[in-house]
Amino acid sequence: MSSTSSTISSIRVSARTSRAGRIAGVLGRQPLLVVGIIVVIIWIIAALLASQIAPFEPLAQDVRNRVQPPSAAHLGGTDELGRDVFSRVLYGGRITIPAGILVIVFGSLLGSAMGALAGFLGGIWDEVIMRISELFMAFPTIILAMAVTAALGPDIRNAIIALVVVWWPGYARLMRGLVLKVKSNDYVEAAYCVGAPRRYILLRTIIPNCIASVLVMTTLDIGNAILTFAGLSFLGLGPEPTSPEWGRMIAVGIDYFDQWWTWLYPGFAIASLVIAFNFIGDGLRDIFDPRLR
Amino acid sequence: MKSGRLLLLIMIITVLVTGVVAAQDETVLVIGHAESTDSLDPARGYTQTKDIIDHVTYENLVTFPQADASEILPMLATDWTISEDGLTYTFNLRGDAVFSDGSPVTADDVAFSVNRLKYVQGSPSFLAADIASVTADDADTVSFTLTQINPAFLANLANTAFGVVNADVVRENGGSDAEDAATADTAEAYLNGTSAGSGPYLLESWEPQVETVLVRNPNFYGDAPYFDRIIITNIPEAATQKVALESGEIDLALDLTSDQIAPLEGNPAISIYRGPGNIVHFLLMNEDPDIGGPVSDPLVQRAIRLALDYEGYQALWGGVQPGSITFVGNAYAFTPEQGVKRNLDEARALLAQAGYADGFDITLEYPIFTFQGVNMETNAQKIQADLAEVGINVTLSPAELQVALENYRTGAEGFGYWFWGPDILDAIDMLAFLPGGKVADERALWTPDRADAALNDLVARARVATDPAEREEVFTALQASMQENSPFAPFIQPDVQTAFRSDIEGYVWHPQWLLDVALLSRSM
Amino acid sequence: MTFFRYIARRVLFTIPILLGITLVSFLIANAVPADPINVNLPQSQLNNPEIVAAFRAEWGLDKTPVEQYLTYLGNLAQGNLGRSIKTRQPVAEDIARFLPATIELATNATALGIILGVGLGVASAVWRNQWIDFAARTLAVIGVSVPVFVLALIFLSVFHAQLGIAAGPGRLDFTMDEPAMLTGLFTIDSLAAGRLDIFANAVAHLVLPSLVLALYVAGLISRVTRSSMLEVLGMDYMRTARAKGVRESLVVMRHGLSNALIPILTVIGLSYGNLLAGAVLTESIFAWPGIGRYMFRASTSQDFPAIMGVSLLIALIYVVVNLVVDLLYYFVDPRIRAN
């Protein structure tokens, strides 16, 4: 395929130039990746600087100025208790973004560890770990998360725990497959032959060869985790009611259908952030797996 | 192109849909309602959904006027006498009333229904608690003996819980009025599927959380109602009710919030009813220090009453500040002007006096529930903000209604937010919130031994007082006392509002049964 | 016959998974801290020890968890899922009542999603790195990124409330009678009853919620279709076909798509299973009386027989969908047949 080979050769060519130039070259071929990175950075900055940027306190109520449409004073209008929607959306990133990242971090760590063990040890360990992961995968994400939060009680921490419980099997399966593939490589066989300890082989030889694929999967997954977290929150199974969490804000919008600004802005926030994360994930996958470009 | 075909398909569908002419021969009324009941059995259900349905499928001995509870009117009974000692009531039945199967309504049916209510231990059974016995003297005469004088007994009888059921039919389907009816009676499933009463309508089907269908009772002995068929469709989301009302899919929306009704104002196709309600939203503070913690302290309880932004809640929902725990408009009830005024300095001083100068942390429990357009979650957030101003740090703990009820009912709730609709449309209703009453004793653990003797004496007098002057004196003293010292903080009595299609006539809001669908008709 | 042995083996494999699922759902249902007695009995009956004891016995609450689990399995073996505490109906009946609504919605959405998704994916792969590819991929990302509950609110507010060109929430207009129960799928039942008006109404009500879900499904499918097609289009036999002068469109559809089908089928099966179970967000906004809403209510009201029943059902659906996908592999991929 001409275009595929040209991609590969262009990467090879750029490899000879400076590191910065190489990155610029890759990014130049990935406009969506650039857009994604910019949008995510904007949201992270907005969340970090919310207390400086936001014109109002996210929790400050003013019931005499409630459900006002957007105006100069309230760029995003006000919600049912007279809180400033724009300020709340800015602060919302402080909850949703870390929540999504935490889910992926813990889910991928737990899952990768399980998968690596299963793949590396094989035998009965493999069977047990994989059967357990299949059990969890048989429940759809939101249903399992709903059941877990129902058991633990709704709050942010439990929502994250529920999502980790849902998330790890995907990584376990990915990691197991990768480990099995790497294990059969010559250099691993060689390590065995020279009598390297098993722990050394796993940690120094096998895992480093799997990390890139796991990382690509995590970026592809963050958007999904954010979506699911917001969905739980929408159902009332996440942070407490006052919280300016985006899913929560949209849920209130169900009662305030005509007052579109109460739910459309937080909706736009989630959508833009998740789109951005997906652009990044797709872009990274293309770079690491140029065959599919 | 595929997308072209899809578009075409959608267009064809749209044409089909708009082209279908609803050729209906029968008159149908469709009501959108957030259904909230677990039973339509008169002796078991105790919710407003059940009231709306059972009010037209069953009849009572006595009833209220169409729009209020100002007097007691005959219904199945034509007249009644009360004995000298006030303990025996004798009713004469009208004699021509028949059930939906055509059989006559007799004194036996009345006795069966009342005993069944009493012994079945359903949610409304407490209404029959002070009935010592009920006997059918002859086919058209029934008499009740009470264990104590109850000035509100007749008002009680107007509750749908006392709806008279067809004893033979209910017995055939597992009904029992014996003392062990709580376990022996198995007629609930039958009564959830059809009705066995003498009202103008007959329950055709109830599919929980989906819809309830009423059809005209073919054997109704009174004037036939206008609509052949009433569909009460379950639409839990108020916003959906609004959209459905605007598009004409439903005729009546019962659960809209004031924010949803506001944009309907200018719509000529829609009429709006707005009027004072009788639901009081209140905070409950447990008297037991182990459960309530800081809020069991009377000083803190008063401070919380002083800290609430009463006008703010009116800005949210309309309506008035309840002058006391009983609704404004009830007999002898305090007016809004007599209610507690917000005073943050005094509240802070009281907290300091109680040893909480720096405030304290507390969890507020409440159900996730929107009742008559009032979203309790919105109020809970406002309570949190109000109390933060005097240093009380509130954590919100919402739960699904049935789950939240659990702690409330067992008295395990330290700090809760609930609302109260009167059981009995009489001043005596407020006794539920005083020591010896249901809410005070069982929910707030404000039992007679926790209250002082003077208050217990006042309550005892209020229970049996019949002379208007004495009642006024006693109930006024009780309300004044509760403002100073009680584990309750009533904060809003919202307006009620209903929106309906303009061609619907005869809409009347009723404080007891909300809506009498038999009064409605459609103008041509 | 190998085909039947293949099926038999697959079915046999599902049994331990199903058993495990009953265990997991039982554990989850029992992890709920509250006592169902208080939630499910009226106050007046709580003080009556006889009634409380009867209730405990009826639901098996008086036994140890192990006994409860074994009782549950025993009942399950007889097809008895228990009785929902909240609706007081047998869970199996509840499921029979709510599942068809979900099946109807999920099937429509998936069908729509396949048409859109495969179309976009193929176009994307064929016109790789051209503006069509760019647009299709962007659309796909948007499809999988916009939360369904936001999309549902936007669609309802624009197409139903503002423009009035689409039917609103619910499966039918509120005045429309449900067709006589046959399959529970209103579109089929209405046709069977010869009621075109009900059919049209049911279809109209399906449009918006199906579209909301279909955009998500299409996003998933088109992404997989594109990458799978790209992989296949680069294969030698494709070049051979072209070299033999086969028409390009035929190359793409016949040789390309059919060989790229396996990953596409997998993602379709996965998303169909997900929709059958996890459409709770869409269902709650569109007042769709489906299994997702039923599960949501059950899990917030500690209705553990319902939670377990639905979990089991959903897992079963997953297993069946996976089985069907595997069988399709069998037909699509000659290599599996050979094994």
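How far apart are the end C-alpha atoms of helix H10 (residues 196-233) of chain C? Select that helix and check: the end C-alpha atoms are only 45 Å apart, although the helix has 38 residues. A straight helix would reach 56 Å at 1.5 Å a residue. Keep in mind throughout that this is a predicted model.

**Stop 1: the bend in H10(C)**

Next, select C:Val207. H10(C) bends there by about 35 degrees. Of the 38 residues of H10(C), 35 are buried, so the helix is largely enclosed by the rest of the structure.

**Stop 2: chain C as a whole**

The chain has 339 residues, and buried residues make up 52% of them. Counting contacts between residues at least 6 apart in sequence, 71% join residues at least 24 apart.

**Stop 3: the nonpolar core**

Select the largest nonpolar core, which has 329 residues. The residues with the most contacts inside this core are A:Leu163, B:Phe282, C:Ala152, C:Ile221 and C:Val310. H10(C), the helix from the opening, gives the most to this core, with 24 residues. In chain B, the core draws at least three residues from each of domain 1 (29-248 + 499-522) and domain 2 (280-493).

Which residues is C:Val310 in contact with, leaving aside its neighbours within four places in sequence? Centre on C:Val310 and pick out C:Ile95, C:Ile291, C:Tyr294, C:Met295 and C:Ala298.

**Stop 4: A:Arg173**

Move to chain A and select helix H8 (residues 156-183), where A:Arg173 lies. Is A:Arg173 buried or exposed? A:Arg173 counts as buried, because it has 20 C-beta neighbours inside 10 Å, and the cut-off for buried is 20 or more. Beyond its neighbours within four places in sequence, A:Arg173 is in contact with A:Gly115 and A:Ser133. For a distance check, pick A:Leu284 as well: A:Arg173 and A:Leu284 are 111 residues apart in sequence, and their C-alpha atoms are 21 Å apart.

**Stop 5: B:Glu207**

Finish in chain B with strand S8 (residues 201-207), which contains B:Glu207. B:Glu207 has 17 C-beta neighbours inside 10 Å and therefore counts as partly exposed. Then draw a line from the C-alpha atom of B:Glu207 to that of B:Gln483. The two residues are 276 residues apart along the chain, and these atoms are separated by 44 Å.

Definitions and conventions:
Residues numbered from 1 in each chain as written. Chains lettered and ligands numbered in written order. Predicted model: local features only at pLDDT ≥ 70, side-chain atom pairs only at ≥ 80, totals over all residues. Helix = DSSP H or I, 4+ residues; strand = E, 2+ residues; numbered from the N terminus. Buried ≥ 20, exposed ≤ 12 C-beta atoms within 10 Å, placed from the backbone. Contact = placed C-beta atoms within 7 Å. Expected span 1.5 Å × (residues − 1). Bend = angle between axes of the 7 residues up to and from the residue. Core = buried A, V, L, I, M, F, W, Y, C linked by C-beta atoms within 7 Å. Domains from an automatic or database assignment.
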